[in-house]
Amino acid sequence: MPTNSNSEVHQQRQVAESFGADAERYDRARPRYPESMVERIVADSSGRAVLDVGTGTGIAARQFQKAGCSVIGVEPDARLADLARQFGLEVDVATFEDWEPDGRLFDAIVAAQAWHWVDPVAGASKAAQILRPGGRLAAFWNVFQFPAEMADTIADVCQRVMPNAPFDFRAMLTGAMDGYQAFFAKTSGGISEVSGFGEPEQWRFDWEWSYSRDAWLDQMPTLGAFTRLPADKMAEVLEGTGDVIDDLGGSFTMNYATVAVTAARTGA
């Protein structure tokens with residue numbers, strides 16, 4: 001994620017490189033993306049050749065394959081890329097900025113929960129070079145909103161266990177959409193700075209998902225705030241969170257908004 005501080009860049013890179021530490025859990029536990037969004041991206045693109053930037057284990061890539069697309073992934077973490085290949089995906093290990101397209105062109109370039117690791121101007125410029133006219137760049141994020149009766153209590157647990165963490169847990173759990181607005185703005189700004197794209201848009205898809213206690217505790221360690229947490233501290237966070245879910249009857253419903261920042265490639 002582009003920042004103004006070298007220390008922040010280093011910290012963010014450490015988080016980015018931590019997701020592969022438990023690739024199987026990441027693939028198993030992370031939420032998928034709305035089929036309606038996948039279908040709209042495909043319908044509003046010039047064809048079905050898709051490049052998935054920051055493909056991870058291929059969660060979104062497999063959804064686009066299911067929608068009838070041919071997908072190539074680009075992923076800087078070899079551990080995540082290896083698991084994606086086990087699912088039958090073609091994946092190149094590289095950052096998007098350094099990746100060589102070797103003359104290949106695409107009808108859509110997508111990035112699921114990943115474009116904030118890409119330089120917004122350099123990424124948009126490269127996307128414009130390898131998209132066919134009428135092709136589409138679509139960067140999208142799942143933004144969760146905890147039930148009000150859970151958020152503050154879980155934030156208290158996290159702050160107690162991680163008092164010096166560089167995260168505002170209360171803001172993350174109660175106002176995640178506010179935090180994501182910076183990603184949306186940087187993505188739109190990067191697209192607007194380069195030639196070759198129409199006006200960027202935001203598409204929003206609201207949905208919900210019911211979690212059992214075990215399902216949420218399986219997903220929680222895959223969040224960037226926790227991927228580098230020592231095992232004993234993670235156990236404390238999970239125990240406290242589990243107690244909160246138990247008090248609610250052992251399950252809860254999470255509200256999600258999936259927001260895509262997207263623009264079409266112009267030109268003939």
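D102 counts as exposed, because its relative accessibility is 64% and the cut-off for exposed is over 50%. The structure shown here is a predicted model. D102 sits in the loop that runs between strand 3 (90-92) and strand 4. Its phi is near 55 degrees, which is a positive value in a residue other than glycine. Most residues other than glycine have a negative phi.

Q113 also has a positive phi, about 60 degrees, and is not a glycine. The loop that holds Q113 lies between strand 4 and helix 6. Is Q113 buried or exposed? Q113 counts as buried, because its relative accessibility is 14% and the cut-off for buried is under 20%.

## The surroundings of Q113

The side chain of Q113 has two polar partners to look at in the structure. One is the backbone nitrogen of N142, which the side chain of Q113 reaches at 2.8 Å. Another is the side chain of Y180, with which the side chain of Q113 makes a polar contact at 3.2 Å.

Which residues are in contact with Q113, leaving aside its neighbours within four places in sequence? They are R30, Y33, F140, W141, N142 and Y180.

## The nonpolar cores

In soluble globular proteins, nonpolar side chains tend to be buried together. In this model, the largest nonpolar core has 33 residues. L51, W115, F184 and F197 are the residues with the most contacts inside this core. Two or more residues each come from strand 1 (49-53), strand 2 (70-74), strand 4 (106-112), helix 6 (120-130), strand 5 (131-145), helix 9 (176-193) and strand 7 (251-264). Helix 9 gives the largest share of the core, 6 residues.

L51 can be followed in more detail. Not counting residues up to four places away in sequence, L51 touches I72, V74, F96, W99, F106, A108, I109, V110 and I130.

A second core is separate and has 27 residues. Among them are M150, M162, L217 and F252.

## Helix 5 and its buried face

Helix 5 covers residues 78-86. Which of its residues are buried? The buried residues of helix 5 are L80, A81, L83 and A84. Seen down the axis of helix 5, these buried residues fall within an arc of 160 degrees, so they line one face of the helix.

The buried residues of helix 5 pack against helix 2 (23-29) and strand 3. After helix 5 comes G88, which has a positive phi near 95 degrees.

## A151 in helix 7

A151 belongs to helix 7, which covers residues 148-161. A151 is buried, because its relative accessible area is 2% and the cut-off for buried is under 20%.

Which residues does A151 touch, not counting residues up to four places away in sequence? A151 touches F146, L173 and T174. A151 and T241 are 90 residues apart along the chain, and their C-alpha atoms are separated by 9.9 Å.

Notes:
Residues numbered from 1 in each chain as written. Predicted model: local features only at pLDDT ≥ 70, side-chain atom pairs only at ≥ 80, totals over all residues. Heavy atoms only, no water. Core = buried A, V, L, I, M, F, W, Y, C linked by side-chain atoms within 4.5 Å. Buried < 20%, exposed > 50% of the residue type's maximum accessible area, 1.4 Å probe, protein only. Helix = DSSP H or I, 4+ residues; strand = E, 2+ residues; numbered from the N terminus. Contact = heavy atoms within 4.5 Å. Polar contact = N/O pair within 3.5 Å; in protein donor to acceptor, adjacent residues only side chain to side chain. Arc of directions from axis to C-beta.
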